[in-house]
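Reader: Could you walk me through this fold, with the cut-offs behind each term?

Author: Gladly, let's look at it together.

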Amino acid sequence: RRMNPVSPKKLHHSKWTAVQPHHREKHFLVTDVILDADGHPRTCILEAVLSRRELRLDWRELRDAGQWAMGWL
C-alpha cells in the first residue's frame with residue numbers, strides 16, 4: 001500500500017485530490033487542523049473547493065495514497 005509523505009506541520013492550507021470523488025467533488029483544501037492536548041494534530045477539516053462543503057477526518061487518512069493524492073490533479 002502506497003503512502004503519501006504527509007508532514008503534520010505543513011497540513012494547514014495544503015491541497016488534496018480525492019482519488020474517489022466525495023459528492024462529485026475531488027479538490028479539497030485543509031482549512032483547519034485540530035490538535036490534541038499535547039499539541040499534536042488529531043483531526044483536519046477539508047473544504048471542497050467547488051461547494052465549500054466541509055469534510056472532517058483523521059489527518060493520518062491523508063497518508064493513504066489509495067484515497068488521497070497530494071496537490072490538485
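Reader: What share of the 73 residues in the protein chain is buried?

Author: This is a predicted model, in which local features need pLDDT of at least 70, side-chain atom pairs count only at pLDDT 80 or more, and totals for chains, interfaces and linings use all residues. Residues are numbered from 1 along each chain as its sequence is written, and side-chain values use heavy atoms, leaving out hydrogens and water. Buried means under 20% relative accessible area, with exposed over 50% and partly exposed in between (1.4 Å probe, protein chains only). Of the 73 residues, the buried share is 34%.

Reader: Which pattern does the protein chain follow along the sequence?

Author: Strands are DSSP runs of E with at least two residues, and helices are runs of H or I with at least four, numbered from the N terminus. The chain has 0 helices and 5 strands. Read along the sequence, that gives β-β-β-β-β.

Reader: In what order do the strands of the open sheet lie?

Author: Two strands pair if DSSP finds at least two bridges between them. Strand S2 (residues 25-35) and strand S3 (residues 41-48), for instance, pair in the antiparallel sense over 7 bridges, and Leu29 stands opposite Glu47 in S3. The open sheet of 5 strands, with antiparallel pairing, has the order S4-S3-S2-S1-S5.

Reader: Which are the edge strands?

Author: An edge strand pairs on one side only. Those strands here are S4 (54-58) and S5 (68-70).
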